[in-house]
Each structure stands twice: as structure tokens, then as C-alpha cells.
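Here are my notes on the chain pairing and on one helix contact. Have a look at the model first, then read on.

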Protein chains: 2
Amino acid sequence: MTISTVQSPVLIHTIRDLRAWRATTTREGQAVGFVPTMGALHDGHLHLLRTARKQCDRVVLSIFVNPAQFAPHEDLATYPRTLDADLALLARSAPTHGPGADPMAASRPLADVVFAPSPAEMYPAGISTDVREQRGTFVEVLGVSHQMEGVTRPHFFRGVATIVLKLFNAVQPDRAYFGQKDVQQCVVLRNMVRDLLLPLTVVTVPTVRSATGLALSSRNRYLTPDQMEPALTLRRALVAASERYETGERRRTHLLKAAHAVFATEPRAQLEYISLAHPVTLAELDVVGQDGAILSGAFRVGTTRLIDNILLGCAL
Amino acid sequence: MTISTVQSPVLIHTIRDLRAWRATTTREGQAVGFVPTMGALHDGHLHLLRTARKQCDRVVLSIFVNPAQFAPHEDLATYPRTLDADLALLARSAPTHGPGADPMAASRPLADVVFAPSPAEMYPAGISTDVREQRGTFVEVLGVSHQMEGVTRPHFFRGVATIVLKLFNAVQPDRAYFGQKDVQQCVVLRNMVRDLLLPLTVVTVPTVRSATGLALSSRNRYLTPDQMEPALTLRRALVAASERYETGERRRTHLLKAAHAVFATEPRAQLEYISLAHPVTLAELDVVGQDGAILSGAFRVGTTRLIDNILLGCAL
């Protein structure tokens, strides 16, 4: 009987050390996969890492709570920062599961490198959550950043695009992995990679859900036990609309009516929006055409804001 | 007797072909220098190429008239596009001059690659000179883009930073060369490279001047013979202020007074601004401190707008 011992990832805090590690992989011709996160790792992140592990020679996980994607009134100060717990989770997670798992592969850590930089390392010009005070270089992806999540969070995708570009330049990955749960982020970053001619591939990985169907999210830990039921409302609404789509319905009004009907039955869930958008331009659709659509939404249960989405007739 | 034949650069139009060429240099461990231009090459550009040739194993010159750095009322349509003349100039220019020049080095072209992409290649989402119509990804360097040249050209450095970042991602140079003549551009791009954690070095190369002292510029060809004299006004004004600096003057009012006095003698030169700014933050200075200063300005002779600068007690 073999007891498999999972190796630990290398923990790197500075760009300089990261570049030195990366230079070695370049010399050895290794493909590098990259999973950027804000930490507070859950099984959704592990699924991204497992996908990267399968497709790449080396895997980098970054953990950085990015000030530029929080507004001054948002939860930057209280966002969970759990580096020790994250490293412990990685240390006990093997890349593959189940009785047929390859013991050699299982002895490698899910990530070869954990890159956990300081804010000063990522923002040499400093960083404020007040956009009016910000100095230095910022990236905007026009046309797909202002709608949906961008309505209530007008500088959110500017913050996301900027930090992801910095991380891409630091890590220089061949492939980068993002969860479909943050679907507008996936679209924004795909457009950014295309527009800026970045030499890498963006991979969108399907959302991981709890047994009840709740999309895994670091913010789920804010939910109290009695909020777990209303937290499923958006998922149920999206599935209801998707079932209409599967039976041939293509009209916006009818698809959204099915979704809104679910919210009407759950007073503990406050709907913010439901969007039916083109999968590349994110333009709202009156009728779903042959390119398909992203059906997505945001809502609150108590003070916790949750998002989810479902793809109708398309892939990302 | 040896007749030296200068080889021609490889002309590349697509990102794909450029990446294939670049992969070869990576495999061979060659350092790549990069000189981005809008074409209409003059001796200032050749000086950038000669500097790159000395410091790098391979040299890429790009020629691309960037729509995003022109305002709708500016000279995008009439900006000189002279690819054939540019290639001919390169073909007859050896990297080194003078009787002591190494004949082997002189047989290599100043640029190994000329990258001349189409607008569609550089702007996959399309591009309009009307900033309100622009879609896709744009980069802004906050804090150093709104003053000086940015006052009359509010989106200019957004356009410059965006295209240079795209070109950096396409070429992936180890070193990039810019002329000091466009001094604010040098500061903006240095800040961008620092902030975005780009793995390359920005090199600022001193301005090349005509025998009379006029800074070489592609726009000098707009000048009529009788405009050549007033075109020297800014250079004379900057030198007058610099002479005051050299004798110990550090006060803004006195330094600028010397410069303005020169403009007062030349009614054919319409001064737009003179700036005395910190060399890193571009904040206007009341007194030049130990970091030194950039003294710069813009003016018009007829319809032609010209810029120039001089460094006081600092290097870029």
C-alpha cells in the first residue's frame, strides 16, 4: 500500500522571484497555466487548478485581494483573507480524485507556485479605492464593462482588467483559467486578451455548485443557515428560463417572465437584475439568435450579494 | 576593396508571422530591441535604430500610423505614409558610419524586421478617432497624461499608451527605444511599463537635431522654407532658460521669463505653452529641486505644431 504525500507549492511574494522561476520554465520549454484568485479558496478554485494541471506542465495560482476592484463602500476590509487556510487546503488536495487516480500525478501539488504579492508589488504607483484619487496605469474594456455587473459597480471591470493584465505580465502564462460563474469577467478578459494581442489563451471553466445547486463563491460564507434556501432563488430562476429555451422559446419577454416568476415566490431574495445578452458583445437581446445568449443576474439575500448565470445555446 | 551590401529587413504584416519570427529568437536566446514609429522615417529614427543595434542581438522596427492618437480634427488622413521610401532609406542606411566602421556590422540592416500591420490587425474590435465611438481595450496612465501635450490633446496619451502596449505584446521586446523629443511620451511609457509590470526596459535616446538646432520630426516636412527660421524659436527659448539654469537660477518665474523673452522677439511663432515639470510626476515646479526638471513646450508656425524640450539637471 502506498501512502501518497502531496508536495507543497512554492510560495512566492515578489515579481522578481516569480520572474526567476518563470525563466526556468521558459528554458525548459514548459507550458504554464495560471489561475488568478482573491484567495478564500473553495472547490470552484480547486476545479480551475485541476483543469490547469491537466492541460499544462506547470501551474501558478495567485492570491491577491485587489483593491482596485472594490468601491469605497464595498467589502475590501472584510473580504476573507485566509492565506494559511488556503495553503493548507492546497497541501491536502491532490490533482485527481477517485480510486483510478494516478498515484504519480496525485503526488504533485495542484499548484507548483502560489504567488501572493503585496499591494505595493502590484501597484508601484500606490492604489486607492477612490477612483478619483487613483494614479498610474489602468485598463478599460469599452463596450462590455458598463452593463450588467457594471451598472452598480461602474469601475469594477476596470479594476479587474487592470490587475489581471498586471498578473498576466508578471506570470506570462500560456493559458489562464477563469470560472464561468463570473461570466461578464470572462467576456471582458477574453476581449482584453484579443484587443491587447496578448500571447495567451483564456479558458473558461464551468461553474462548480453545491449539491443544492448554489454556485460556489467566497462570499457564500457570509450566508447564515436560514439564508441558504433563498440563496438558491437566482439559480432556480435561470433554470426555469433555460427550460423554456430548451422547449424552443427565443423571445426575451417570455424567457425573462419565467425567471421573474421564480423571484415572485421568494420575498427573502431581492432581485437586482436579470440580463439576456449576446455572448460576445453583451448587448441585450430581444430575441436569442444563432449565437445564443448569456442569461445572468444578481440579487441579494440579506446584505449578501450573489450572482449566477446560465448559457443558452452557446459556449464560452 | 570590399563593396559592402546592406541586407534588407524582413517585412512582416501580421501578428502571426511576427510571433513565429519572435519564437525563433527566443529559442536562440537573442535579446530583441524594438523601435516603434509611425513611419516617415528621418535621421532621428535611424539614431534610435543604431542605438538598438548596438545594444541588442535583433532589432524590430514597427511602422504604424495609429488612429487612436489622432483627434477627429487632426492630421490622420494627411499624416505622411511613406512605406516604400522608409524601406528604401533603411536599405541604404548601414548601422555604423565613418571610416572606422566595422564592415561586417555595416553589412547588416539597421532593422532585422520591419513590422507594418494593418489597423484591423492592431485593433481587432475596430477603431474610430471619435473617442465616444471607441470600443475595445484602452490603457490610461493617470497623473502624467492630462497636462502639457494632454491639455490640447486630451486622449492623445491614451492612444499612445494603448498602441505601444499592443506593440509590446506583439513584439515582446527586451528593450524599447523612444526619442527624447517626445518627452511626455517617454514619461508616460516608463510609468506604464513600471505599473503594468512589463518585462522590458524603456530606453530614452537624445533628440537628433538639424545643423540649425531644429529637433527632427516627421511633421517638419510641413514647414515652408520661410518657416524654417521661426521654427527654431522654441529651441532658442529653451536654450536661453537652460543657460539661466546653468548659472544657478532655479526659480520658475525667472527661468520661464528667459524663455518667453525669446518668443516676444518672433511674431511668426505662436507659443502654446512652456512647462517646467518634475521629471517623474510631471507636476509643475515653482523651484527646480534636486530631481531636476523637464523644460518643454509647444508652438505653432503657420498651421504646423512643433514641440521640443530640454532637461535641467536630470536624465531620463
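This is a predicted model: local features need pLDDT of at least 70, side-chain atom pairs count only at pLDDT 80 or more; totals for chains, interfaces and linings use all residues.

1. A polar contact here is a pair of N or O atoms within 3.5 Å; within protein, one must be able to donate a hydrogen and the other to accept it, and residues adjacent in sequence count only if both atoms are side-chain atoms. By that rule, 12 residue pairs are in polar contact across the interface of chain A and chain B (both at pLDDT 80 or more).

2. Residues are numbered from 1 along each chain as its sequence is written, chains are lettered from A in the order in which they are written, and side-chain values use heavy atoms, leaving out hydrogens and water.

3. How much area do chain A and chain B bury between them? About 2,500 Å², with 59% of it on carbon and sulfur atoms (accessible area, 1.4 Å probe, that the two parts lose on being put together, summed over both). A:Thr137, A:Leu142 and A:Leu197 supply 27% of what chain A buries against chain B, more than any other three residues.

4. Now the helix pair: the axes of α1(A) (residues 15-27) and α7(A) (residues 156-171) come within 8 Å and cross at roughly 50°.

Methods. Axes are lines fitted to C-alpha atoms, for helices over the stretch in contact, and angles run from 0 to 180 degrees between N-to-C directions. Helices (H or I, at least four residues) and strands (E, at least two) are DSSP runs, numbered from the N terminus.
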